Amino acid sequence: ATSTHDTQPPREQFTGQVGFILSAIGSAIGLGNIWRFPGVAYENGGGAFMVPYVIALLTAGIPILFLDYALGHRFRGGPPTALRRAKSWLETLGWFQVMICFVIAIYYAAIIAWALSFFVYSFDLRWGDDTAGFFTGEYLQLSDTANGGPWFSLDFVPAVLIPLLLVWVATIAVLAGGIAKGIEKANVIFLPLLVVAFAVLVVRAVFLDGAGDGLNALFTPDWGALGDPNVWIAAYGQIFFSLSVAFGIMITYSSYRKRKANLTSPGLVVAFSNSGFEMLAGIGVFAALGFLAHEQGIAVGELEGITGPILSFVTFPAVVSQMPAGPLFGALFFGALAMAGFTSLISILQVVSAGIQEKFGLTRRQAVTGLGVVAGVVSVVGFSTTTGLIALDTIDNWSNNIGIVASAVLMCIFLIWVLRMGPELRYHLTGVSTFPVGRWWYICVGAIVPAVLAYMLVSRIVDLVQ
Ligand code: ILE
């Protein structure tokens with residue numbers, strides 16, 4: 001029996017291949033590309049990082065992307081439904097993926113909200129000269145609380161709360177619109193805007209004084225790094241997060257494709273576009289850092305805050321303040337960050353929404369509204385107090401380095417080894433696609449991924465527990 005559909009209303013669909021590809025790229029390109037990748041590459045061998053990065057893309061990123069596509073398209077459901085249809089007890093793994101998405105969504109929304117605020121602040125360079133003090137002190141009110149100040153400040157409310165509510169309302173509105181009229185439309189509008197804004201940004205950045213020093217800092221290879229297992233771990237982690245694979249997003253999106261839909265070629269388009277954008281982001285960010293170092297008369301390596309939230313919200317504002325036409329540059333950067341994050345948040349939340357909708361037989365609007373309100377309240381409460389901000393790193397670490405990797409390992413072990421579904425899934429992929437999936441796919445999802453990732457997972461946990 002190859003037919004697995006239940007007697008339910010027809011499943012929603014993307015209008016076609018282009019809409020799907022744009023949405024999948026919109027999901028992949030997110031905060032992970034702009035604020036995560038450049039710092040990760042810099043810290044893990046610079047130019048030499050490209051070697052494990054490309055290997056991780058080819059041996060794990062693309063093969064698991066295909067696995068996600070096969071599951072979603074063959075079993076036509078979000079992760080709990082699709083995995084349950086593969087084997088009833090696998091539903092739990094589907095809910096685990098839903099949970100990861102929920103956790104990511106909570107803090108992801110907050111970061112997009114910060115980007116919106118800083119988009120507005122760009123116009124009058126509101127952050128002044130002390131960008132670090134502005135971000136943690138004036139904007140987030142962190143120092144106050146640390147010094148025994150109130151845990152909830154009313155000054156904090158309009159600055160962070162309003163953009164945060166805006167993000168949630170916009171996300172709920174898009175999801176309530178459905179797959180074709182909501183998600184696909186949003187991506188068709190925002191993805192091209194994002195690409196244009198970012199291209200302008202990168203071109204401008206590479207012509208800044210000192211840009212070359214920044215690029216040298218990013219790309220000068222430290223070949224010794226290749227002997228360090230942590231560098232390889234970082235590469236696999238970056239690929240999964242960035243490509244939106246192994247935690248349900250691509251299972252969900254591919255479940256909305258038409259029955260006869262090419263899967264493999266779009267997968268390659270998505271994977272290479274995502275990595276291409278990531279490279280551009282690395283170039284743009286480091287060119288700008290080179291400029292900042294040049295202005296301060298120091299080496300790029302001596303700059304503080306080259307990664308994570310600090311890079312985007314402390315170091316970047318400093319760049320913006322010092323450069324000619326800074327406000328425009330700042331608005332482009334924070335606008336791009338918000339747009340990239342928004343099209344990803346939509347996909348993260350659709351996983352949760354689809355899970356609830358399918359489990360409880362709700363309508364799309366019921367599921368989306370209920371979820372949006374709950375997630376919005378959690379995120380507002382969490383990020384209107386400093387507790388949320390302090391917890392951010394820990395949550396991020398557990399969801400991204402432990403949760404996603406565990407999910408990838410378990411999917412491969414259960415589906416390929418325990419249930420021996422490799423041939424069936426490969427047959428499905430090949431049957432609908434323009435180019436067939438060869439034996440290499442088994443080698444990756446059956447051997448390389450479980451082996452490398454199981455190792456990665458154990459070493460992460462050991463690291464964290466120590
Ligand atoms: N892939 C996106 C990113 O790189 C999201 C990850 C969906 C959670 O930011």
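Reply: A residue counts as near a molecule if one of its heavy atoms lies within 4 Å of it; here 15 residues are around the ligand, and Ala28, Gly32, Tyr108, Phe241 and Ser244 come nearest. This is a predicted model, in which local features need pLDDT of at least 70 and side-chain atom pairs pLDDT 80 or more, whereas totals for chains, interfaces and linings use all residues. Residues are numbered from 1 along each chain as its sequence is written, and side-chain values use heavy atoms, without hydrogens and water.

Me: Which polar side-chain atom lies 3.4 Å from an oxygen atom of the ligand, and which side chain has an N or O atom 2.6 Å from a ligand oxygen?

Reply: A polar contact is a pair of N or O atoms within 3.5 Å. The 3.4 Å pair involves Asn33, and the 2.6 Å pair involves Tyr108, while a polar backbone atom of Ser27 is 3.2 Å from a nitrogen atom of the ligand. The protein covers 100% of the 280 Å² of accessible area that the ligand has on its own, by the Shrake-Rupley method with a 1.4 Å probe.

Me: How many nonpolar, polar and charged residues make up the shell around the ligand?

Reply: Ala, Val, Leu, Ile, Met, Phe, Trp, Tyr, Cys and Pro count as nonpolar, Asp, Glu, Lys and Arg as charged, and the others, Gly among them, as polar. By that scheme, the shell around the ligand holds eight nonpolar, seven polar and no charged residues.

Notes. Polar contact = N/O pair within 3.5 Å; in protein donor to acceptor, adjacent residues only side chain to side chain.
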